[in-house]
Amino acid sequence: MCDQSGAERVGEIIETSTVGFVAECDELHCLPPLGSLVRVRGAEGEVIYAVVTYGETGSIDPGRRVVRRGSADLRDQAIYQRNPELRHVLRSVFSAAAIAYRRGDRLSYLLPPLPPPLHFSVERVSLPEAQEVTDQPRYFAILAQYRGEIPADQLLAAHARYLYDVRQSDRDWLERAARELARIFKHDYDRLVPLLEALDPDLA
Amino acid sequence: MTLDVAAIAEELQRLAFETATGECDGWNALEKAVRQLDEANLEERLRTAKTSWLLARATHSYRGAWPSPAVPNRYGVVATDGSLLNPDRHSPVRYYVINLGGVVLSYGEPSGARMGSHARLYASEDDLYLSDLSRRIPVSGAVLGFRRAVEELQHAVELVRSADPPVVVLQDGTLILWGLESQPDFVANWALGPFLDALKALREAQVPVAGFISYPGSSDVMNALRVSVCDYPPQGRTVNCDHCRARIFTEGHHPACDILPDVPDRVLFEHVMRLEPGARSNVFASGSTILDRYPEDDRIQFFYLHTGTEVARVEVPAWVARDRAILELVHAAIVDQCSRARGYPLALQEAHELAVIRAEERRAVEILVDRLLAEHGVVMRRSAKDRSKRGRYV
C-alpha cells in the first residue's frame, strides 16, 4: 500500500510551533512510524530533528464523515481500487516533537530557536544520520515531558524500540538508553520498569 | 432571534397536511389516464394543441421502462461543477469569481482519479458588462449563472481530452438554457454560442454528456397526459388551454384535466409508471423553445431514472439518445455512480465539493481585497447599509 523506501520526503508541514509540527503525508497512509526520526530544513539553513508522536488518517474536509465502503466481498485494498477518489478525499497526517537542531556542524539537543516554516518538506532521516543524532540519548528528557495525544511513556518506548532496530540491536547503545531512562525516572520506579520492559525484557 | 417560529408553525402544519394528503387526490384518475392512453391520438392532439406549458413528446412511447444495463468493466466519468463569488453591490471594487471543480474518475484495471479546482477572477469591463448599441447589462444574477454553466461545460471538454474512452460527462442540472428565452438576443447569443460549441465538441469526440437533475420539479410528461384527457377534441375543438382556463372565470368551467393530480413527473414515474430501481423511462423530446436554437443533433432530450433512492431527470443531446449503445453507457454509468454515493452521482458530488466556496473563504477574499487596497492607500468604503450589518450594535 505504501512504499516507504526511496524518496526522502514524506510530507509537508501544515501546522508549526516551537515544540513541533503537524505534517500531511504526500501519499495516503504513508505515515512515518510512531517514535521514528524525521527532519526539516529550516528557513535559515538549520536542520530540525523531530520524533513522530502521533499519526492519523481521515477526511480532508472535517465536515465530511468517512463512511463504510466495503462488504464481505469487497475489503481492504480492493476498496481503494474500486473507489479511486478516496486517495483525493482522505489524508494522512502526523505530529512530531522537536528534539534537536543542527546549525553548521553543531548539533544541539534543544528546541529550535524558530519553528520550521509552514509548507516546508518533512524528510525521513537516513540510517547513518539517525545513528549520529541519537548516539547520546540525552534528549530523552524532552520526550519524557511530552504532552500530547499519547502518553509520554508510550512515545519514549516507541522511540527507543525504533532506535534499537535502526541501530541493529546495538547493546552498548541500549545500555546508554536504559541508563538515561533510569536517570530521568530515578524517582518514579513505576514508570521506569514498564519502559525498560518495553525496550528489552532482560533490562527490567 | 427575530423570526417568531410559533407564528408560522400553525400554517406550516396545515401545509404539511395538505402536502401529505394532496398527492393522493386524483390518483385513480391518473392510473386510468396512463392505462387508457392512446398514444397515436395524443400525438395528433399534441400536434395542434395550444398550451402555455411544456409538453413532452415521446420519441418511442410514453410507457415502458428499460432496466439498468450491465456496468462496463472499464469506464470513465468526467464531472464539473462551478461556484460563484457574486459581484458585491456594497463594495467599491466590482469583480466576480468562478471556482470550477473538475473530476476525472476511471474504473476498471487500473482505476484512477484526477481531481482539482481552479478559480478565476473577472474584473474587466467586458467581463462585468454585456452591451449592444443601446443597452448595458451587468453580468450578475441569472446572467452570471449562464456564464458559470458555459464554463462548467467548457471545463468538462478540456478534461475529456485526457480521459480514456469510454467516458461519460456529467453536469449538475439542466442542459436546456431555458432562462435565456427571456433575455435579449445579444445576451442569449453570448451564452448560447460557447455552450453549443462545447456540446458540439463533445459530439464530435463521441463523448456523451448528461445533465443530472435530482428531485426534478418538471411536469412535461404530466402536461402531455393532461392533453390526453382534455375534453375539447371530443367536442370537435383543438386543445386550447388558454381558452379553457379563461372559461374558469367567465363560465365557472371545470377543465377536464383537473381530474389529474398536480404532481411532477417524478411522482408519475415512481408511483404510477413504477420504475424499478436502476430502470429508466423512454426518452422524451422537450418542448422548450430555446431548443429551437440548438442544432438538431444537440437538441436536448430527457428520460427519468430511478437511482435507487429517487426518480431523477437525466438530459442528453439527441445524438446520444439516438445511439442505443451510447445511451446504455450513460444509463449504466449514472446508475453505478449513484450506487457509489447514496443516490447522487459520486463524480458530481466530488466536483461540487471541489467547487464550493465556503463562507469563511468568501470572507477571506473580502479581507484580501481590503488589504490590497489599503496597501495602495485606498481605505475600503463599503455602503452604509453593509457597514450597519457588519458592525451590529444596540
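I began with the salt bridges between chain B and chain A and found 3. The model is a predicted one. In one of these bridges, the side chains of Glu353(B) and Arg64(A) meet at 3.7 Å, N to O. I checked that against the 4 Å cut-off.

Next I asked which elements of chain B give two or more residues to the side that touches chain A. I noted β4 (96–107), β5 (112–122), α11 (324–340) and α12 (346–355). By class, this side of chain B holds 6 nonpolar, 5 polar and 8 charged residues.

I then looked up polar contacts across the interface of chain B and chain A. I got 6 residue pairs, both partners at pLDDT 80 or more.

For contacts, I have 19 residues of chain B against 12 of chain A. The buried area comes to about 1,100 Å², with 43% from carbon and sulfur atoms. On the chain B side, I find that Ser111(B), Met115(B) and Arg340(B) lose the most area to chain A. Together they make up 37% of what that side buries.

I turned to the domains of chain B. The assignment gives domain 1 as 70–215 + 279–357 and domain 2 as 360–388. Their centres, taken over C-alpha atoms, lie 33 Å apart.

How much area do the two domains bury between them? I read about 920 Å², 56% of it on carbon and sulfur atoms. In domain 1, Leu85(B), His90(B) and Ile357(B) lose the most area to domain 2, together 49% of what that side buries.

The domain 1 side that touches domain 2 has 7 nonpolar, 3 polar and 1 charged residues.

Notes
Residues numbered from 1 in each chain as written. Chains lettered and ligands numbered in written order. Predicted model: local features only at pLDDT ≥ 70, side-chain atom pairs only at ≥ 80, totals over all residues. Heavy atoms only, no water. Contact = heavy atoms within 4.5 Å. Buried area = accessible area lost by both parts, 1.4 Å probe. Polar contact = N/O pair within 3.5 Å; in protein donor to acceptor, adjacent residues only side chain to side chain. Helix = DSSP H or I, 4+ residues; strand = E, 2+ residues; numbered from the N terminus. Nonpolar A, V, L, I, M, F, W, Y, C, P; charged D, E, K, R; others polar. Domains from an automatic or database assignment.
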